[in-house]
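Here is a short report for someone meeting this structure for the first time. Please keep the model in view while reading.

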Amino acid sequence: MTTARPLVRQGAASKTHPHVSPDRFAAATTLKAENAVPSAAGVGFKPDHLTAILDDPGSVGFLEVHAENYMGDGGPPHRTLERVRRDFPLSLHGVCMSIGGPKPLDEDHLARFAALCDRYEPGLISEHLAWSTHEDLFLNDLLPLPYTEETLDHVCDHVDRMQEVTGRRMLLENPATYVLFDNSTMSETDFLATIVGRTGCGLLLDINNVFVSATNHGYSARDYLAAFPLAHVGEVHLAGHTEQEDDEGALLLIDSHNRPVADPVWTLYDEVIAKTGPIPTLVEWDSDLPEWPVLRAEAESANAILRRHAPSAPKVRHAAPA
Amino acid sequence: MPPLPDHHPLDTDAFSAGLLDPDRTAPAHVTGPNGKGAVKRYNVYRNNVTVSLIDALADIFPAVLKLTGENFFRAMAREHVRATPPTSPLLFEYGKDFPDFIAAFEPARSLPYLADVARAERAWLTAYHAADAAPLDPADLAAIPADRIAGARFAAHPAFAVIASPFPVFRIFSMNRDLMDLAPVKMDDAEAILITRPADQVTVTHLAPAAGRFADAMSQGLTLGEAAGLALETDPAFDLNGALTALLSAGAFAAVAASDHGGDQ
């Protein structure tokens, strides 16, 4: 009788999902040290900031781009990305893969994503737990899904496929949501933890999304984070949100990426990094773009927290309780 | 792939149908927490989809927006987004049907040049993302023996486009994209606009109607002689050397090939 341990804890759908070792991408991803994204603050790259960023070396540890903006055949976008890539490690963030949808992934889109990986050698790649395409329609939003055994199977298949085609471990991002589904049978954190166990992917923890969803659905962001598989988080996202009202006149937060990071999100971030130690952290700002110094200051705020929780930082000795 | 069973927990048909149709109610299974309503909550997604696609059209067609004004543009774009949502996840490919939509859009009839301006703007963005290629070196053309020039065929550069119009499309485009100072134009001044990407920046160039017809014919694989013949039909005073020099310096072509047999024109 064998005593060999399974590589990964047995899951409910083990027949349809062959178990995958979390380190299966270690060999495929021959990540050179200079391509690795450091455990420092980065920003979402906008061409408007190109000159300011190049004139301000050392201001941020890495840049993240939306993959789709660089999926054209040629032209100025590629010249720009080639230029920033010379100075900065890159995180490649997809926004349209529709990993949360029921249909197989678009192989053409996957091939485009993989080609960008080969060309620009990102240190991190990521996508969303969401869907955005339906039949031949592209809906240009990150749409929600119920959390059930069936949707879990689809998402795991899609994560497997994306990791297979890119030859890299991907990070899956928790969504900001405005509705729930009355047919969900598991929590978002259990859903994400099971995906990690089955596929070997990592997670992109968007703390603004946590705060937005928790506020919108009336649960505690701290409870959510306590249940989140923090050991598998490869990157953190921070962003600003705006306020609206729901049908009952209660606060409804919108993940708008057009403002500074809110104070309660900074507090949650500080608490997460205190537990995990430094993690690559991205400040996202996608509309109503500020001047570079404003975005740089947001990144510096994240860096201050990362430095405070760095292993080498001097620990403050607290008086022993009486 | 077999169709999804009816009981699939994510009914993307219902969820997506409502996103672009304001008359539909929120789909089944969508709810707020603790039995709260989901009308405004589902409307967040509706709003995100519609507004982001209108914004995408506004980004692609800034001159059209300037000519119509913000409110008119957004109302026109909303109708187009609902009738013709994107089919590609690459938003920079969106809006290819918008010029024809504008041409048929009754409230825009008072701006008869608007669809041609939109065609030029759509071609501008296509040129921006087109494949990289070195423009044709004029020396390659000079190397062709004189008796074979007329039969030469040109390959258009991947970023090449020419939009011919019965209206002064080059000047209307340029003045409304802050490339040219505002000045009165005569509406019956027909113009063509040449769009190219020499030195990796998209460039627009004015072409007279005959030169526009010449450029278009060359890009479709007609010989230099055939294209010049069409241009002379448009304008007996067509200046072949001037037009060819303008096209070459704008980077309109990527390659030229002499005919296999000389003097066929």
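Predicted model: local features only at pLDDT ≥ 70, side-chain atom pairs only at ≥ 80, totals over all residues.

Residues are numbered from 1 along each chain as its sequence is written, and chains are lettered from A and ligands numbered from 1 in the order in which they are written.

**Chain B as a whole**

Chain B has eleven helices and six strands. Helices (H or I, at least four residues) and strands (E, at least two) are DSSP runs, numbered from the N terminus. Chain B has a radius of gyration of 24 Å, well over the 18 Å of the globule rule for 265 residues, so chain B is more spread out than a compact globule. That radius is taken over C-alpha atoms, and the rule is 2.2 Å times the number of residues to the power 0.38. Along the principal axes, the C-alpha atoms of chain B fill a box of roughly 85 × 50 × 30 Å.

Of the 265 residues in chain B, 44% are buried. Buried means that 20 or more other C-beta atoms lie within 10 Å of the residue's own, with C-beta atoms placed from the backbone; exposed means 12 or fewer, and partly exposed is in between. Among contacts in chain B with a separation of 6 or more, 67% join residues 24 or more positions apart. A contact needs C-beta atoms, placed from the backbone, within 7 Å.

**Two domains in chain B**

An automatic or database domain assignment sets the bounds. It gives domain 1 (1-111) and domain 2 (113-265) of chain B. Their centres, taken over C-alpha atoms, are 36 Å apart. Domain 1 of chain B brings 16 residues to the contact and domain 2 of chain B brings 13 residues. On the domain 1 side, α3 (62-68) and α5 (98-103) of chain B each supply at least two residues. α3(B) gives the most, with five residues.

**The barrel of chain A**

Eight strands of chain A form a closed barrel, β1-β2-β3-β4-β7-β9-β10-β13, with parallel pairing. Two strands pair if DSSP finds at least two bridges between them.

Strand β9 (residues 202-206) of chain A has five of its five residues buried, so β9 is largely enclosed by the rest of the structure. Gly202(A), Leu204(A) and Asp206(A) point one way from β9(A), while Leu203(A) and Leu205(A) point the other way.

| Partner strand | Bridges to β9(A) | An opposite pair |
|---|---|---|
| β7(A), residues 171-173 | three | Leu172(A) and Leu203(A) |
| β10(A), residues 233-239 | four | Asp206(A) and His237(A) |

**Where the chains meet**

The contact between the chains takes 44 residues from chain B and 42 residues from chain A. On the chain B side, α1 (12-19), β1 (30-31), α2 (39-60) and α6 (114-129) each supply at least two residues. α2(B) gives the most, with ten residues. The chain B side divides into 24 nonpolar, 14 polar and six charged residues. Here Ala, Val, Leu, Ile, Met, Phe, Trp, Tyr, Cys and Pro count as nonpolar, Asp, Glu, Lys and Arg as charged, and the others, Gly among them, as polar.

Strands also pair across the two chains. Strand β8 (residues 180-181) of chain A and β1(B) pair in the antiparallel sense over two bridges. Phe181(A) stands opposite Val30(B) there.

Methods: Contact = placed C-beta atoms within 7 Å.
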